[in-house]
Amino acid sequence: MKISQRLVILATSAVALSIALTGNMLWQDYQQSRIFSRLEDAYRVQTGIETMRAHLSNYQQNRNLSPLSESRLLYEELDVMLSQSANTLDQQEVYLQSLNKRNNSVCFLLDQMIRIHESGQDQSQTDALTHLSNLLSSVIQSMSEDTVRLEQYAVEGSKQLHTQGNLLTGGLLLALTLLLSGLSLRTAKLFKHRISVLDQGIRHLSEGDTRIQIEMDTGDEFSEVAHHFNQMTDRLQESSISRNQLQIEVERRTQELEMQKQALRQLADHDELTQLPNRTYFRNNLLSTIRKSERHGNAVAVLFMDLDKFKQINDSLGHNIGDEVLQEASRRFRDRLRCSDFVARLGGDEFTVIIEPVDNPQDVANIAQQLLQCMQQPVLVKQHSLHLGTSIGISVFPQDGKDVATLMRNADLAMYKAKENGGNRFHFYSEDMTQDALRKMSLEEELRQALQEDQLTVYYQPQYDLGNKKLVGVEALVRWNHPEKGLVAPMEFIPLAEERGLINQLGLQVLQKACTQCAQWLNEGFDPGILAVNISARQLTERQVPEQISQILKFTGWPVHRLELEVTESFFISDTQRSLAVLNQLRDMGIKLAIDDFGTGYSSLSYLKQLPISKLKIDRSFTRDLIDDAEDRAISEAIIALGKSLGLQVIAEGVELEGQADILIHEGCDQAQGYLYGKPMSAEQFSLLAAANPVSEGLTETSL
Ligand SMILES: Nc1nc2c(ncn2[C@@H]2O[C@H](COP(=O)(O)O[C@H]3[C@@H](O)[C@H](n4cnc5c(=O)[nH]c(N)nc54)O[C@@H]3COP(=O)(O)O)[C@@H](O)[C@H]2O)c(=O)[nH]1
């Protein structure tokens with residue numbers, strides 16, 4: 001049964017009992033009023049009886065009939081009253097009927113007495129009247145007694161009624177209390193049991209048991225709650241299953257993410273190609289090593305390594321070969337170092353090593369030596385056997401720097417020093433390197449300004465035909481007209497211009513000035529012959545150079561076939577596909593190409609054959625000792641012979657003496673250049689010289 005039904009029953013029972021109680025009270029009221037009404041009747045009869053008794057006594061004393069007649073009237077009244085009241089059968093009614101009867105008797109006696117009295121006053125009548133009045137008196141006495149009894153009965157009845165009413169009310173209240181208590185107890189017991197079942201279920205659930213089900217088929221609200229609870233646990237069960245699945249999925253994804261994070265960290269911290277730590281990792285590691293060493297008072301060495309000739313290999317053989325070289329170099333460095341040493345690749349062909357602790361600089365020198373050695377073995381990639389080398393710069397914490405940036409910068413400076421000194425060596429950092437770097441920095445700044453402010457000027461050095469001793473050409477040589485230092489020689493700024501990427505701008509400015517000047521001379525009527533201009537090997541790596549040269553020639557009007565570009569031999573040795581392509585392009589444009597400083601490198605005959613060149617220039621170092629040094633003479637002879645055999649012109653530079661010129665003439669050298677014929681000079685000086693030495697007659701426009 002539902003709780004609501006139970007409550008309805010309880011309420012209905014209470015209402016029913018209340019109605020019963022109210023009915024009982026109303027019934028009691030009614031009974032009471034009846035008793036009181038009879039009591040009233042009794043009092044009135046009593047009063048009537050008293051009156052009649054007084055009338056009778058008056059009659060008996062005075063024989064006056066009128067009082068009896070009044071009693072007769074009183075009888076009428078009592079008769080009416082008693083006959084109205086005596087219509088029920090209870091004890092009161094019995095008394096009332098008795099009273100009624102006796103009242104009738106009184107009436108009869110009174111009628112008799114009145115009739116006798118009126119008929120005469122003889123003795124017999126008087127006796128009869130006396131007798132009747134006595135009778136009347138006794139009847140009245142009886143009536144009086146009846147009224148007393150009626151009164152007593154009414155009082156008792158009232159008491160009884162009161163007692164009965166109380167008993168009934170008490171009984172009903174008791175019944176109501178018992179009923180309500182019984183029902184409440186039963187309901188409370190049931191509720192307690194069901195609540196405890198629900199509570200157990202909830203407790204299980206709170207302990208995490210989502211499979212809990214509450215068995216309660218009572219058909220009331222509790223079973224509905226239980227039903228909803230079960231539905232909830234079902235859903236929780238489902239959601240906990242999906243939560244478990246989710247948990248598993250989350251764990252799987254977390255693992256995946258962790259792996260990805262590790263891979264990303266590896267990517268972020270390591271160089272993809274060599275798997276060595278990268279620049280970021282290196283910097284962080286160096287920072288923590290410095291901090292640790294500060295605490296322990298240790299020294300730390302930073303080695304900055306750069307592979308020699310790597311750029312040429314990369315440019316000429318392609319990036320795949322370059323990549324394999326870098327991988328091999330990484331392996332060799334790694335294998336040669338201890339596990340505790342930290343080696344990283346900063347990018348390109350730059351590697352760094354951290355050595356800690358450093359007890360003595362000699363240990364670092366030994367390690368650097370081993371690293372040099374390990375790269376001296378040729379690197380075999382595909383069919384190539386590649387000879388590289390390494391330049392190593394070393395800075396030491398704390399004396400060469402107390403922070404990452406300073407240590408790296410100083411190791412880098414030391415590495416550049418090693419490169420400048422020919423590579424394949426190591427250098428410890430020293431303070432003068434910084435001074436040198438600062439000097440270079442300010443020089444670079446000045447050079448940039450010089451290029452912008454047109455401070456460069458061109459000097460001209462004549463080139464002569466050794467056969468007829470006539471002018472055949474002129475070499476343009478740059479000079480820097482420094483506002484404070486005066487004329488600065490090219491050797492002081494050309495290498496820096498090459499190093500700092502200014503050489504193309506510089507070379508093109510020189511070319512433009514020289515072409516403009518030569519074209520002007522030509523227009524003025526004197527012929528400077530062939531214009532030889534130095535072109536840096538670095539310029540030849542720029543694809544746009546042929547187009548830029550072509551533009552200058554067009555702009556200045558200098559004929560293309562009168563231009564000769566001198567490229568140093570070292571460039572041809574370390575040639576690159578791209579540079580050779582540029583050279584071929586220049587040759588195809590009609591520009592002549594000469595190998596400068598020839599003999600200082602190791603160009604092979606077969607290699608020279610393939611080059612798009614037309615002239616060899618014997619290096620000044622061979623000309624200088626030509627007279628005294630048999631070897632230099634032999635070399636110059638060999639170069640001249642080589643040139644002849646390849647159909648190339650040969651020019652000797654640095655000719656200062658007639659004896660040198662004689663030997664060269666004897667050996668069959670075509671041309672010469674040197675102080676003997678004229679030092680590099682300004683355009684004005686050169687025009688004077690050229691006016692006095694007209695260009696070789698054999699040098700016609702077609703032979704040019
Ligand atoms: N890329 C460019 N390089 C250039 C340019 N201008 C010059 N240079 C190169 O600078 C180097 C030094 O040149 P320079 O100081 O001008 O020296 C030249 C001559 O002065 C010197 N020379 C000539 N004859 C003699 C001599 O009889 N004795 C002697 N001691 N020196 C002499 O030789 C230099 C010419 O060299 P080269 O070019 O090899 O013919 C030098 O390497 C220049 O190439 C430029 O514009 N761009």
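## A ligand shell and its surroundings

Strand 9 gives the largest share of the shell around the ligand, namely four residues. The model is predicted, so to speak of its rules: local features need pLDDT of at least 70, side-chain atom pairs count only at pLDDT 80 or more, and totals for chains, interfaces and linings use all residues. Residues are numbered from 1 along each chain as its sequence is written, and side-chain values use heavy atoms, with hydrogens and water left out.

Let us stay with the ligand for a moment. There are 23 residues around it, and Glu475, Lys617, Arg620, Glu653 and Glu656 come nearest; a residue is near a molecule if one of its heavy atoms lies within 4 Å of it. Strand 9 (471-482) and strand 13 (592-598) each supply at least two residues of this shell. Helices (H or I, at least four residues) and strands (E, at least two) are DSSP runs, numbered from the N terminus.

By class, the shell holds nine nonpolar, five polar and nine charged residues. Here Ala, Val, Leu, Ile, Met, Phe, Trp, Tyr, Cys and Pro count as nonpolar, Asp, Glu, Lys and Arg as charged, and the others, Gly among them, as polar.

| Side chain | Ligand atom | Distance |
|---|---|---|
| Glu475 | oxygen | 2.7 Å |
| Arg479 | oxygen | 2.9 Å |
| Asp597 | oxygen | 3.2 Å |

On its own the ligand has 800 Å² of accessible area, and the protein covers 86% of that (Shrake-Rupley method, 1.4 Å probe).

Now to the helices. Helix 7 (residues 310-317) packs against helix 8 (residues 319-336) at an angle of about 145°, and their axes are 6 Å apart. The axes are lines fitted to C-alpha atoms over the stretch in contact, and angles run from 0 to 180 degrees between N-to-C directions. Helix 7 makes the contact (heavy atoms within 4.5 Å) through Phe310, Ile313, Asn314 and Leu317, while helix 8 brings His319, Ile321, Gly322, Val325 and Leu326. Six of these residues are nonpolar, three are polar and none is charged.

Salt bridges number 35, each being a side-chain nitrogen of Lys or Arg within 4 Å of a carboxyl oxygen of Asp or Glu. One of them joins Glu249 and Arg252, with the closest N and O atoms 2.8 Å apart. These two residues are about one helical turn from each other because they sit three residues apart in helix 5 (residues 221-269).

Finally, some backbone details. A cis peptide bond with omega of about 0° links Glu356 and Pro357, and Pro357 belongs to strand 3 (residues 350-358). Another cis peptide bond, with omega of about 5°, links Phe397 and Pro398; Pro398 is in the loop between strand 6 (389-397) and helix 10 (404-420). Asn424, a residue other than glycine, has a positive phi near 50°, and its place is the loop between helix 10 and strand 7 (425-428).

Key
Polar contact = N/O pair within 3.5 Å; in protein donor to acceptor, adjacent residues only side chain to side chain.
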